[in-house]
Structure formats: structure tokens, C-alpha cells
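Okay, thanks everyone for coming.

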Amino acid sequence: MSATFDPLMVTIAQAGAPAPMAGATLAHYLFVSAVMFALGLIGFLTRRNLIIMFLCTELMFQAAGIALIAFSRFHLNHTGETFVIFVLTVAAAEAAMALALVVLLFRRRESLDAEQWDEMSG
Amino acid sequence: MTRVSRDGQGNAALESFLSPLVLYLACALGAAGVFLALPRRAKGVQPIGGLIAAVAGGLAVLGLTAANIADRPNIYFYIFAVVALGGALRVITHQRPVYAALFFILTIIATAGLFLLLSAEFMAFALIIVYAGAILITYLFVIMLATQAPTEDAMEGLADYDIEAREPLAATVVGFVLLAVLSTMVFRGLGQVTPRGDATSGDEIVAMMPGRVETVLRREGVLQSGERVALDGETGRPLIDVKARTITLASGTDATRLVPWPPSLTARNVEGVGLALIGRHPGTIEIAGVILLMAMLGAVVLSRKQVQLDEAEKSRQARTLAQSMTANGAAGPGAIRGGGVA
């Protein structure tokens, strides 16, 4: 790793127009995104606390955001970044609604356990 | 089989066979690690699971790095990726919801670091402000509002539903099968994806901003006092030729001169995002506004305090209303309202 360690490469915020990104580097970012999505999915399926379940959906939103921005950088096109703005908007709206619902449900049963509400599954 | 690597040398066939194999091995090991790290009653198993997951992550990095020697991301990528994924693992495995939310903030900050590496500075800071600053604080408020009072028999004040995971084995298998499929797609399909656009596409954006061009030229010492970027007489657009890379400067009435494009004149990330947002997707901004408005209304309606009236209270109110209506039938609605309140 130290053989290709170039001080120019470590400039965190590249000033000006970025050079086109190589496909292999895109693979690294997409892999991180995939792992984060899988972790969010596992968390959503296994945790019983309603608040943690919604945190896991936010984790999956993050994973989608990393993939979008990596592709936006790969194609040197800013549309991917504008999509992430809308992902943030939807995440904020979802957090407001979901947390209001969670507070409402907690007032009814004094518990955040998702299995308390399993009669809703029919 | 399409390989991502661009270096033609080396044992290509063996490498292309080996790197997915290493990746699947890492996936299986990671699944075992995450399964052990999920919340459970038994003590001491969770750290072992975390260790196994970390080893799997290292193996995956090794597989990814071996697959493409030539194009490796810089070392900061590895640091931010490890912090982000470690934080994400802790979000889903920590038994205390407050700590899970704090680890999620850590994940957000590391993700913002990854965005910086992808030269998406605007999104990096927007992420920290919106997520770590606003959304996660709301989560923390709700966690603190909606927490059961600790009872004597509960383990260390933890709620029963936080101690143990639900269906950990099935969920881990599903999650890591999905991960294996996704990473196979990344490895086999990515060679066919070719980057579009070139590094100079940002110059088109700069050509619309004569004020910024003048600032850069003044800093370079090219722009003399009294000079400014010449504007087209008919369209009012600045006379900047992106293809020929020249800028026309005007001083006084008719005197113009041509200067070359300075190398430091490039579009910033914020300028690109702003133009893409307003220029190409104006309708989606409106939709985002409607979504936020609806979410706000929904949250207000949902969290409104509901007044619970028991049956006796309801019948008493109904009786007073009926009495006032029969007694003052001709007196008009004012009397009804008075009776209802009383």
C-alpha cells in the first residue's frame, strides 16, 4: 500500500475538476455500500425495538447515498448528488412520521417491542 | 468473465477465479461474525462475533485489493470505510438504543468522509448538518421519551426486547446472500460500465458565471483595473469560449482583448450540484417540498394529544347539549354553543 502512496492522492477535497475515477475504485465504494445495506437489512429483520428498526432503514438510505455519489463521481455528473438531496428529504420526512407513530404506539402499550403489534400482520 | 482489473500482466485466470472466492469466503465469515455479534442473553459472545466480522472485513479488503493492483483508492478510503462499517455493525448489535443512535452518528460522519473523498463536498456537509444535526437528535429525543422505567427484574435496566434478537440466523443468512449477490454484480458487471463525461465538463458551468471568472483572473494578475468579461450584445451571455479556452475581456467602450483560460479556473462541486438541481430537476424540488409539508402535517396530526373521555363523561355532555337544544330551540346557535361549553 505504501508503494503507491502519493501525497497528491491524499488531498481530501480535490480542488477543481476531478480526474475521471477508475472502475476498480468504483468497485470499492460499491462494495462498502453493499455491506452497509446488508447490515441495515439484517438489523431491520432482527431487532425488536421499533426505534432501532427505523435507524436501520436510515442505514440503508446511507448505503444508497454512497452508491449514488460513487456513480455520480464515476460519470462526472452531478445528477447523482442531487438524488442524494432527495434521499435526505425523504429520510427526514420518514423520521418525522415514523417517530410520531412510535411515540403514539408507546403511549398505548408502554413498550417499543414490534412484536406487541403482531395482530396487525393479520 | 469480465475482470475489473486493467493491468494485463500477472496470472489473470487464477486471479479472476480467486478474487470472487475470497469474497464469498469473507461473506460467509462475516455472516458468522454478525450472527454471533447480534444481541443475545449470553455474555462474552458478542465481542468474539465482532472480531470474526472484522477478520472477514479484512479478508474482503484483501480480495478487493488483490483483484486490482493498479487502481487502488487511497488510504483514507480504508479508514473511513472501516469506521463507517464498524459503526454500522455496532448500530445493529448494541443493546442500548441510545448508544446505537450515537454509533449511527459515527457512521454518518465516516460516510461524510467518504463523500469528501468522492469530491462531493456539498453533500458531505449537508449530510452532517441534516443527519447528525437534525434527524439523529430527533431520534435521541424519542429514545429518551419512550423508554420504560427500569424494573427490579430487568437486566441492567435494559428492556426485554432490546436484549435478544429476533430470528438472528435467518436474517443473517438472507442479508449475506444478498451481499454476495451484490458483490458478484459489482465484480462481474462493472467492467462493462464505462465512465461518461470528461473532466472539462465543469467548464461549461464556469462559462455562465462571469463574476467568478473575473475573480480568478484578478487573483492570477491577468485582469487589469477597469476591465471586465465582455458580454454578447444580443444574448447578454459572457463571451467565454469553452472549446477554444479563451475569454474576451472588455475595457471602456470598444477595446477588447483575448486572454487564455487560466488553469486554476474550474467549477466547484457546489456550483455543479446547484446547477444540476435547479437547471435539470426543478420539478423534484417542488415534490420534495410537498413531501416535507405532508410529513410535517402528518407528524402534527399523529402526535396530537388525544383527550380520552369515559362513557359517563360523554353521556353527560350529550345530555347537556340535548337539554340546551330543547330548552332554547328558538334562541339560535349561540345558545347551543353556550350550553355545550357548560
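Let me start with a question: which residues does Leu55(A) touch, not counting residues up to four places away in sequence? The answer is Val91(B), Ala100(B), Ala101(B), Phe104(B) and Tyr139(B). By contact I mean that the C-beta atoms of two residues, placed from the backbone, lie within 7 Å.

Quick housekeeping. This is a predicted model, so local features need pLDDT of at least 70 and side-chain atom pairs count only at pLDDT 80 or more, while totals for chains, interfaces and linings use all residues. Residues are numbered from 1 along each chain as its sequence is written, and chains are lettered from A and ligands numbered from 1 in the order in which they are written.

Now the two chains. Chain A has three helices and zero strands, and along the sequence that reads α-α-α. Chain B has 13 helices and four strands. For both, helices (H or I, at least four residues) and strands (E, at least two) are DSSP runs, numbered from the N terminus. In chain A, 52% of the 122 residues are buried; in chain B, it's 30% of 342. Buried here is 20 or more other C-beta atoms within 10 Å of a residue's own, exposed is 12 or fewer, and partly exposed is in between, again with C-beta atoms placed from the backbone. If you take contacts between residues at least 6 apart in sequence, 49% of those in chain A join residues at least 24 apart, and for chain B the figure is 56%.

Back to the contact between the chains. Chain B puts in 92 residues and chain A puts in 79. On the chain B side, the elements giving two or more residues are α3 (75-93), α4 (97-117), α5 (121-145), α6 (160-163), α7 (168-189), α10 (269-280) and α11 (282-303).

Okay, some helices. α3(B) has 19 residues and runs 27 Å from its first C-alpha to its last, close to the 27 Å expected at 1.5 Å a residue; the expected span is 1.5 Å times one less than the number of residues. Its buried residues include Phe80(B), Leu85(B) and Val91(B). Then α10(B): its 12 residues should span 16 Å, and its end C-alpha atoms are 16 Å apart, which agrees. Asn269(B), Gly272(B), Val273(B) and Ala276(B) are buried in that helix. Seen down the axis, the buried residues of α10(B) fall within an arc of 95°, so they line one face of the helix; that arc is taken from the directions from the helix axis to the C-beta atoms. Ile278(B) and Gly279(B), on the other side of α10(B), are exposed.

What about strands? Strand β3 (residues 246-251) of chain B runs antiparallel to β4(B), with six bridges joining them; two strands pair if DSSP finds at least two bridges between them. Ser251(B), for instance, bridges to Ala255(B).

Leu76(A) isn't a glycine, yet it has a positive phi of about 50°. Leu76(A) sits in the loop between α2 and α3 (79-109) of chain A, and with 21 C-beta neighbours inside 10 Å it counts as buried. Ser119(B), also not a glycine, has a positive phi of about 50°. Ser119(B) is in the loop between α4 and α5 of chain B, and it's buried, with 24 other C-beta atoms within 10 Å.
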